[in-house]
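The entries follow the order in which I worked.

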Amino acid sequence: MSSHREAPAVSQDPVADNADTYAFVSPDDPTTVTIITNYVPLEGPPGGPNFFEFGDDVLYSIYVDNDGDALPEITYQFRFHTTYQNPNTFLYNTGPIGSLADPNWNKRQLYSVSVIRSRASGKTQSHAKDGKGTVLAGNLACPPCNVGPRSTPNYAGLAAAAVHQLPSGETVFAGQRSDGFFVDLGAIFDLGDIRPIQNLHLIPTPASPSVDPLKSMNVHAIAIKVPISKLTKDGSVPSDPMSAIAVLGIWGGASRRKVQVRDGASVKESGPWVQVSRLGNPLFNEVIVPVGHKDRWNALDPIQDAEFVQYVKQPELAKLLPVLYPGAFPNLKGLTADRADLEAILLTGIPSGVIPGFQNFTGKAPADMLRLNVAVPPAKSPNALGVVGGDFAGFPNGRRVFDDVVSIELKAVAGATYPLVAPSYTPDAAIAAVSSYLTPSSDRYQSTFPYLGVPHDGYDTPSS
Amino acid sequence: MERLSRRSFVKVAGAATGAAALAAAPPLAHAAAGDDAEEIHPTAGVPEEPVVAYVRDVERGEVTVTAGTVERTYRDRALVRRLLRAGGVK
């Protein structure tokens, strides 16, 4: 999946597993950018009595590079702490939760937001200030999890109350939401099957519709809406998409303290924060990086991504497709050159002159970041295929919650974008059949911050 | 936190009640003399921010210390020997 359980170590640590990162110009507030990082992938909605939450012992970070050096000039960090109203009951709530201050809500989580602004330079990313940023706000309430109609009868109202306006100008939300990512998970990890064209697979089965197992699952989202002027290098709100100042590099990360000492029921910690998960582009660590290197990738910073360029230039998946779908990808099979198109999409941004009227180039240094050109306004009629579909406001120009990144990246890896750097190359006709074959329902998302939809409640999901 | 020297590290570690292995360490001069520490049952819980030391490389005599969010590595063969003895490592 995008980055759900994508690496061996973090797959054992859901609260620190950065499952998706999104960054886009807010469609209802286009002078701002919204950044969302999701954690706790594959939440089953009925997961009580200890419903899902963020890690009190995890430092969650959102990084923004505004000068193209793959180092963050702005870092937002989030720390959580859990409290109990009544430790002498097993219940998550002792009655209906009518508000964020309702005494019936037993186990609740609060958080702080801080910011680190730095003039980063050099060849490595400093983490010396991690956890020591300027506190913008503290004791902000998360909403409860969506338990069911008796416990959280007005869930949308609870979630709306957990949208906080900070005195510094940002808007934040942290809590459970519906997972916006969609993919036929069961098929794709069954030897690269793509329903409904599994009859063309090397091991064929009868054609049947694509399945979206994530449509009934939740995640925990950290969302922040920031005025563009607080993110750009010169404090401007760029309007020229061809201006370098308009492009931001954005990624998320989660860190844990280096040492944990268990002492009976408690755990004490010592040492610096150590990164255990990160994510810029969807599917980068999941599909590009080999399993033996995934944990290391999570521990490194984007500025250190040069050692992974080889896997982008020669992606394993591009070699697998002609094998798994015999005869369907003859041109891809013969494509042995390095994939400069994928390097641009995933590691440097697309330079000017490749796509008329668009660029999100951040420089030659390879780094996995979402690259958002903030001068591209939100689309009036968005296309989930983003730039591939002619909609420059979508992936890989940042990433919106509804972007069909599986289809986009499958098509790109299959050769659809190679003509951008080699015009004589003819993509295989089968690329038209490479797709997620999924259209998420509209209630998966919402039109206002935090844009991911109301989480599925545990009483009704699954429904049978 | 102030920069840790070997001397100040031992001072800090010794002051942290119930801290990890080095909390019970006597001054280094004493350690170098080869006296063993007295093994006891802990008299307190682990402090909220324990100072922790671990032997990183026996052959090179390297010890890493974490205190707060600071981590430093020292070359101190005598300290390594003492920690190994305290840990029952032959």
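This is a predicted model: local features need pLDDT of at least 70, side-chain atom pairs count only at pLDDT 80 or more; totals for chains, interfaces and linings use all residues.

Residues are numbered from 1 along each chain as its sequence is written, chains are lettered from A and ligands numbered from 1 in the order in which they are written, and side-chain values use heavy atoms, with hydrogens and water left out.

**Entry 1: salt bridges**

I looked up A:D391 and A:R400 and found their side chains joined in a salt bridge, at 2.7 Å from N to O. For burial I used relative accessible area, with buried under 20%, exposed over 50% and partly exposed in between (1.4 Å probe, protein chains only). By that scale A:D391 is buried at 8%, and A:R400 is buried at 6%. I also noted a network in which salt bridges with shared partners connect A:D13, A:D57 and A:R256.

One of the pairs I looked up is A:K107 with A:E53, at 3.4 Å from N to O. For locations I took helices (H or I, at least four residues) and strands (E, at least two) as DSSP runs, numbered from the N terminus. A:K107 lies in strand 5 (residues 107–117) of chain A, and A:E53 in the loop between strand 2 (32–43) and strand 3 (58–65), so that the pair links distant parts of the chain, 54 residues apart. Which of these two partners is buried? A:K107 is, with a relative accessible area of 9%, whereas A:E53 is partly exposed at 21%.

I then checked A:D184 and A:R195, whose side chains form a salt bridge at 2.8 Å, N to O. A:D184 is buried, with a relative accessible area of 6%.

**Entry 2: the sheet**

I traced an open sheet of five strands in chain A, with the order 1-2-9-8-7 and antiparallel pairing; two strands pair if DSSP finds at least two bridges between them. Strand 1 (20–25) and strand 7 (164–165) of chain A stand at the edges with a single partner strand each, so one side of each has no neighbour in the sheet. Strand 8 and strand 9 of chain A pair in the antiparallel sense over eight bridges, and A:G175 stands opposite A:A221 in strand 9 of chain A.

Note on methods. A salt bridge is a side-chain nitrogen of Lys or Arg within 4 Å of a carboxyl oxygen of Asp or Glu.
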